[in-house]
Amino acid sequence: VFAFTGKLSISRKEMEANIVDNGGTVSSINKTINYLIIGDNAVQTKIDKAKKYGAQIISESEFMKMLN
């Protein structure tokens, strides 16, 4: 389960499609997420909340490497 914050290099709709097309799901930041994808100017409170829930914080480029 993925969530994202900050400005990404692709639209949020495209990011969501990438996630779903590869078997993932997209959610708001809550205790069910496994990964928070962060873009430019990511909101620190969202990062802190994701960490609190035990999510792994990854960059957009790290996510793209996961797809390959």
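Thr5 counts as buried because its relative accessibility is 1%, where buried means under 20% relative accessible area, exposed means over 50% and partly exposed lies in between, with a 1.4 Å probe and protein chains only. The model is predicted, so that local features need pLDDT of at least 70 and side-chain atom pairs count only at pLDDT 80 or more, while totals for chains, interfaces and linings use all residues. Residues are numbered from 1 along each chain as its sequence is written, and side-chain values use heavy atoms, with hydrogens and water left out.

Thr5 lies in strand E1; helices (H or I, at least four residues) and strands (E, at least two) are DSSP runs numbered from the N terminus. From E1, Phe2 and Phe4 point one way, Ala3 and Thr5 point the other way, and all are buried. A polar atom of the Thr5 side chain lies 3.5 Å from the backbone nitrogen of Val43. With neighbours within four places in sequence set aside, Thr5 is in contact (heavy atoms within 4.5 Å) with residues including Arg12, Leu36, Ile37, Ala42 and Lys46.

Strand E1 belongs to an open sheet of three strands, in the order E1-E2-E3 and with parallel pairing. Its edge strands are E1 (2-5) and E3 (56-59), each of which pairs on one side only. On average, neighbouring strands of this sheet are turned by 30 degrees against each other, direction ignored; axes are lines fitted to C-alpha atoms, for helices over the stretch in contact, and angles run from 0 to 180 degrees between N-to-C directions. Strands of a sheet pair through backbone hydrogen bonds, either parallel or antiparallel. Two strands count as paired if DSSP finds at least two bridges between them. E1 and E2 pair in the parallel sense over four bridges, and the partner of Ala3 in E2 is Leu36. Strand E2 (residues 35-38) also pairs with E3 in the parallel sense over four bridges, and there the bridge partner of Ile37 is Ile58.

Two helices meet this sheet. Helix H3 (residues 60-67) packs on it, touching E1, E2 and E3, and its direction makes about 90 degrees with that of E3. Helix H2 (residues 44-52) lies across E1, E2 and E3 and runs at about 160 degrees to E2. In the loop between E2 and H2 is Asn41, which is exposed, with a relative accessible area of 72%. The phi of Asn41 is near 55 degrees, a positive value in a residue other than glycine.

Helix H3 contains Glu60. Glu60 is buried yet has no salt bridge, and the nearest side chain of opposite charge, Lys7, is 8.9 Å away. A salt bridge is a side-chain nitrogen of Lys or Arg within 4 Å of a carboxyl oxygen of Asp or Glu; Lys and Arg count as positive and Asp and Glu as negative, while His and the chain ends are not counted. The side chains of Glu60 and Ser9 are joined by a polar contact of 2.6 Å. A polar contact is a pair of N or O atoms within 3.5 Å; within protein, one must be able to donate a hydrogen and the other to accept it, and residues adjacent in sequence count only if both atoms are side-chain atoms.

Ser61 also lies in helix H3 and is partly exposed, with a relative accessible area of 45%. A polar contact of 3.1 Å joins the side chains of Ser61 and Ser59.
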